Amino acid sequence: QVQLVESGGGVVQPGGSLRLSCTTSGRTFSTQIIGWYRQTPGKDREFVSSISRDGGSVAYADSVKGRFTISRVNAKNTAYLQMNSLKPEDTAVYYCGAKPALTQFALGSNKANDVRSWGQGTQVTVSS
């Protein structure tokens, strides 16, 4: 099990950018698939992006393709989500999640129910 902490959320105008970070002091970070998810009140937690153990494979929700970039630096136990061209529809609490991976390239399911460890979330608000 990995303990995760998100940071970097805030308030930004449409078209602006934010960079979210997900970090842990755990020792198994490099064995985990890392995903970013977002949630608004009354809705299910929604997949945003994921990255494989070694960063070689990535996936994005259609709604964020071309605007968001996921990355990780295992030596720092940190994953990032660079969010550009932000839209009001991106407003949500953003969570990072982790699940074990058997191979360095695996991404696994995008389902939030498959995530084994969650961070506390960070609020992103896109508004004029």
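Predicted model: local features only at pLDDT ≥ 70, side-chain atom pairs only at ≥ 80, totals over all residues.

User: Which cysteines form a disulfide, and how far apart are their sulfur atoms?

Analyst: A disulfide is a pair of cysteine sulfur atoms within 2.5 Å. Here C22 and C96 form one, with their sulfur atoms 2.1 Å apart. C22 lies in strand β3 (residues 18-23) and C96 in strand β9 (residues 92-100), 74 residues apart; strands are DSSP runs of E with at least two residues, numbered from the N terminus. The torsion about the S-S bond of C22 and C96 is about 70°, so the disulfide is right-handed.

User: What is the order of the strands in the open sheet of four?

Analyst: Two strands pair if DSSP finds at least two bridges between them. In this open sheet the order is β1-β3-β8-β7, with antiparallel pairing. β1 (5-7) and β7 (68-73) stand at the edges with a single partner strand each, so one side of each has no neighbour in the sheet. Six bridges join β7 to β8 (residues 78-83), and F68 stands opposite M83 in β8.

User: Which residues of the largest nonpolar core touch the most other members?

Analyst: In soluble globular proteins, nonpolar side chains tend to be buried together. A nonpolar core is a set of buried Ala, Val, Leu, Ile, Met, Phe, Trp, Tyr and Cys residues joined through side-chain atoms within 4.5 Å, where buried means under 20% relative accessible area, exposed over 50%, and partly exposed in between (1.4 Å probe, protein chains only). Of the 31 residues in the largest core, those touching the most other members are W36, F68, L81, M83 and Y94. The largest share, four residues, comes from β9.

User: Which residues are linked in a network of salt bridges?

Analyst: A salt bridge is a side-chain nitrogen of Lys or Arg within 4 Å of a carboxyl oxygen of Asp or Glu. The network links R38, E46, R67 and D90. R38 meets E46 at 3.1 Å, N to O, and also bridges to D90, with the closest N and O atoms 2.9 Å apart. R38 lies in strand β4 and D90 in the loop between β8 and β9, so this pair ties together parts 52 residues apart in sequence. D90 in turn forms a salt bridge with R67, at 2.7 Å between the closest N and O atoms. Both D90 and R67 are buried, whereas E46, at 35% relative accessibility, counts as partly exposed.

Conventions: Residues numbered from 1 in each chain as written. Heavy atoms only, no water.
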